[in-house]
Amino acid sequence: MPTDTDFMHMAIDLATTKMHEGHGGPFGAIIVRDGTVIAHGFNRVTSTLDPTAHAEIDAIRKACQRLASFRLDGCQIYVNCEPCPMCLAALYWAGIQKITYAADRTDAAAIGFADELIYQEIGKPPAGRSIPMAQLMRQEALASFAAWQAFEGKIAY
């Protein structure tokens, strides 16, 4: 049965291979359940012109399709770098059980990736962030929330 080290080697090798093939940055992800690889993903930001096409997002999408579920309960992910805030949030939304990573956010920052900056921005109040934020029409928007709360056909997540 493959070990944590085996799965991490897969993630690192995938990141390097796909980067050299021109898909995007040096990031790879392997999603595993019960010792079996469910899906793999790699960074496709530059090749797809999609800033959300990170390795973890790619792997989550593939795993959810394979399992026919928006939840990845019982799954864990191996990534060659600590997930950025977007990917970390997506992993929480997906219900990933465990995240194992190799390099960290400071390593990513050292080669030009903004993970650490974004982590810092999230901790600030909206008015203190570098991208201006403004709230508008809150009461009107809350009507949609009330409709969701009353909707009998909703699938909670």
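Visitor: How many bridges join β1 to β3, and do the two run parallel or antiparallel?

Guide: Strands count as paired here once at least two bridges link them. In this predicted model, five bridges join β1 to β3, residues 75-81, and the pair is antiparallel.

Visitor: How many residues of β1 are buried?

Guide: The cut-off to keep in mind is under 20% relative accessible area. Five of the six residues in β1, which spans 28-33, are buried, so to speak "mostly covered".

Visitor: Now β3 and β4. Parallel or antiparallel?

Guide: Parallel this time, with five bridges joining β3 to β4, residues 98-103. Ile77 has Ile99 in β4 as its bridge partner.

Visitor: What handedness does the β-α-β unit have?

Guide: To judge handedness, point the strands away from you and follow the path from the first strand over the helix to the second; clockwise means right-handed. Here β3, helix α4 (residues 85-94) and β4 make a right-handed unit.

Visitor: On to the inside. Which residues have the most contacts within the largest nonpolar core?

Guide: A core is built by joining buried nonpolar residues whose side-chain atoms come within 4.5 Å. The largest one has 23 residues, and Ala29, Ile31, Ile60, Ala63, Leu72, Ile77 and Ile96 have the most contacts inside it. At least two residues come from each of β1, β2, α3, β3 and α4. The top contributor is α3, with six.

Visitor: How do I read a pocket, and what volume does the largest one have?

Guide: Rolling a probe the size of a water molecule over the atoms shows where empty space is left. The largest pocket comes out at about 310 Å³. Its lining draws two or more residues from each of α3 (55-67), β3, α4 and α6 (115-122).

Visitor: Which residues lie nearest its centre?

Guide: Phe27, His54, Cys84, Phe113 and Asp115, out of 21 lining residues. Sorted by class, the lining has 14 nonpolar, four polar and three charged residues.

Methods: Residues are numbered from 1 along each chain as its sequence is written. This is a predicted model: local features need pLDDT of at least 70, side-chain atom pairs count only at pLDDT 80 or more; totals for chains, interfaces and linings use all residues. Side-chain values use heavy atoms; hydrogens and water are left out. Buried means under 20% relative accessible area, exposed over 50%, partly exposed in between (1.4 Å probe, protein chains only). Helices (H or I, at least four residues) and strands (E, at least two) are DSSP runs, numbered from the N terminus. On a 1 Å grid over the protein atoms alone, a cavity is a set of points where a 1.4 Å probe fits but cannot get out, and a pocket is an open set with protein on both sides within 12 Å along at least five of seven lines; lining residues have an atom within 4 Å of a point. Grid points are joined across faces, edges and corners, and a volume is the space filled by probe spheres set on the points. Ala, Val, Leu, Ile, Met, Phe, Trp, Tyr, Cys and Pro count as nonpolar, Asp, Glu, Lys and Arg as charged, and the others, Gly among them, as polar.
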